[in-house]
Structures are given as C-alpha cells and as structure tokens.
Amino acid sequence: MLEKYLPWLAFVFLLFGVLIGYFQWSKNSQESITINNITVPPLPSLDPDAISQGETLYQQYCAACHMPDLMGAPDWKKPLPDGSLPPPPHDDSGHTWHHPDFLLLQIIAEGGAVYDGVMPGFGEQLTQEEMHAILEFLKSHWSRKSREYQWWITNTYPTPTPSP
C-alpha cells in the first residue's frame, strides 16, 4: 500500500527541499556584506538590459584587446618589451573585480596609461550610461563571491572628489 504513495512522497520531499533552498538563497541575497568588520548594503541585482547593451558595446570597443570571451591577453601579468602591461582578463581570473566602480569607469573613460597600460580612453566615444553598461556586463561574468567583494570595495574605497 505504501508503494502506491511513494512517488508522491518523493515529490513532496523534493518540493519541500527546493522551497527551503529557495528561501535560504533569497534570505542570503538580501544580507549585508561584511568584510574586515566593515558592513555594506546587500549586493544589488544586475540589470539584464544594461548587461545586454554592455555586451554589445564590449564586443565593439573592448573585445579586440580583452578578447571576446573576456580572457585578456596570454601572460597578461608579464610586462611587454616596452614596459606596458597587456590587457588583463575581465572574468574572475583577472583583477578587474578588485577595483571599485569609480576607478573602473575612470579607466574606461581615460585609458590605462596611468597603470602602465596602453588602453586608450573611450570617454569621447561612450556616454556614462554606456560605460556603466559595459561594467554591468563584466560583473555578469564574475562569481557571486567576486561580485560581493567588488561591491564591498566600491562602498568602502574613498571616492575622489573632482577638482573644480
């Protein structure tokens, strides 16, 4: 007799497990992020429209150097003969997620010469919204842990005040 109900019981237990997992994930996604006893607001959701726009712009402006798959140049940590650094990857294997938003946006706009790179600035070709979209696209390729760290550093790193 129990055999008759076994598939239903298995289904109920499976459903129960999925619901518990969802509520645990939902709870965790709303928690503040604390690193070194410094707490910042919860990680914001990524904007699917900005990601889509950012992907298009990345392929147009960035992929020739940083590669279409965001993998950057081979041996990107090793300086080139002229002393400049090759384009780094923009996924978790690189260091893009180590930097706050304002700095990443500044590099997109002004280029990478300040950091021993040869990346040109795109501030004349891209709007602020478009640069933000590219950054949103990059973030969509980072692990949750990398995104949380980058969000934390964005919220704790002092943003420079523009000169008058």
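Biologist: Where do I start? How many helices and strands does the protein have?

Modeller: Start with the overall layout. The model is predicted. The protein has 6 helices and 2 strands. Along the sequence, the pattern reads α-β-β-α-α-α-α-α.

Biologist: What share of the residues counts as buried?

Modeller: Of the 164 residues, 32% count as buried. The accessible surface comes to about 11000 Å². Carbon and sulfur atoms own 62% of that surface.

Biologist: And the contacts? What percentage join residues at least 24 apart?

Modeller: Take contacts between residues at least 6 apart in sequence. Among these, 57% join residues at least 24 apart.

Biologist: Now charges. How many salt bridges does a search of the whole structure find?

Modeller: The general idea comes first. Side chains of opposite charge can pair when their charged atoms come close. In this structure, the search finds 2 salt bridges.

Biologist: Which residue forms a salt bridge with D101?

Modeller: K139 does, with the closest N and O atoms 3.0 Å apart. This pair links distant parts of the chain. D101 sits in helix α4, residues 101–110. K139 sits in helix α5, residues 128–139. They are 38 residues apart.

Biologist: Are D101 and K139 buried or exposed?

Modeller: Use the cut-off: buried means under 20% relative accessible area. D101 has 15%, so it is buried. K139 has 10%, so K139 is buried too.

Biologist: Which residue does E148 pair with?

Modeller: E148 forms a salt bridge with R144. Their closest N and O atoms are 3.1 Å apart.

Biologist: Why are E148 and R144 separated by about one helical turn?

Modeller: Because they are 4 residues apart in helix α6, residues 144–156. E148 is partly exposed, with a relative accessible area of 24%. R144 is partly exposed as well, at 37%.

Biologist: Next, cysteines. How many disulfides does the search find?

Modeller: Recall the idea. A disulfide is a covalent bond between the sulfur atoms of two cysteines. Here the search finds 0 disulfides.

Biologist: How accessible are C62 and C65?

Modeller: C62 is buried, with a relative accessible area of 14%. C65 is partly exposed, at 45%.

Biologist: Let me try a single residue. Where is H66 found?

Modeller: H66 is in helix α3, residues 63–66. To read one residue, check its cover, then its partners. H66 has 8% relative accessibility and counts as buried.

Biologist: Which residues have polar atoms close to the side chain of H66?

Modeller: P88 is one of them: its backbone oxygen lies 2.9 Å from a polar atom of the H66 side chain. H90 is another, as a polar contact of 3.1 Å joins the side chains of H66 and H90.

Biologist: What else is H66 in contact with?

Modeller: Leave aside neighbours within four places in sequence. H66 is then in contact with Y58, M71, G72, P87, P88, H90 and M119.

Biologist: Last, rings. How many aromatic pairs does the structure hold?

Modeller: It holds 5 aromatic pairs. For each pair, read the distance between centres, then the angle between planes. Y58 and F137 form a tilted pair, 5.4 Å centre to centre with 45 degrees between the planes. Y58 lies in helix α2, residues 48–61, and F137 in helix α5, so the pair ties together parts 79 residues apart in sequence. Both Y58 and F137 are buried.

Biologist: Which pair is edge-to-face?

Modeller: W97 and Y149 form an edge-to-face pair: 5.8 Å centre to centre, 85 degrees between the planes. W97 is in the loop between α3 and α4, and Y149 in helix α6, 52 residues apart. W97 is buried, at 17% relative accessible area. Y149 is partly exposed, at 26%.

Biologist: Which residues do ring pairs link into a cluster?

Modeller: Ring pairs link W97, Y149 and W152 into a cluster.

Methods: Residues numbered from 1 in each chain as written. Predicted model: local features only at pLDDT ≥ 70, side-chain atom pairs only at ≥ 80, totals over all residues. Heavy atoms only, no water. Salt bridge = Lys/Arg side-chain N within 4 Å of Asp/Glu carboxyl O. Buried < 20%, exposed > 50% of the residue type's maximum accessible area, 1.4 Å probe, protein only. Disulfide = S-S within 2.5 Å. Polar contact = N/O pair within 3.5 Å; in protein donor to acceptor, adjacent residues only side chain to side chain. Contact = heavy atoms within 4.5 Å. Phe/Tyr/Trp six-rings, centres within 6.5 Å; stacked < 30°, edge-to-face > 60°. Areas by Shrake-Rupley, 256 points an atom, 1.4 Å probe, with all protein chains shown as cover.
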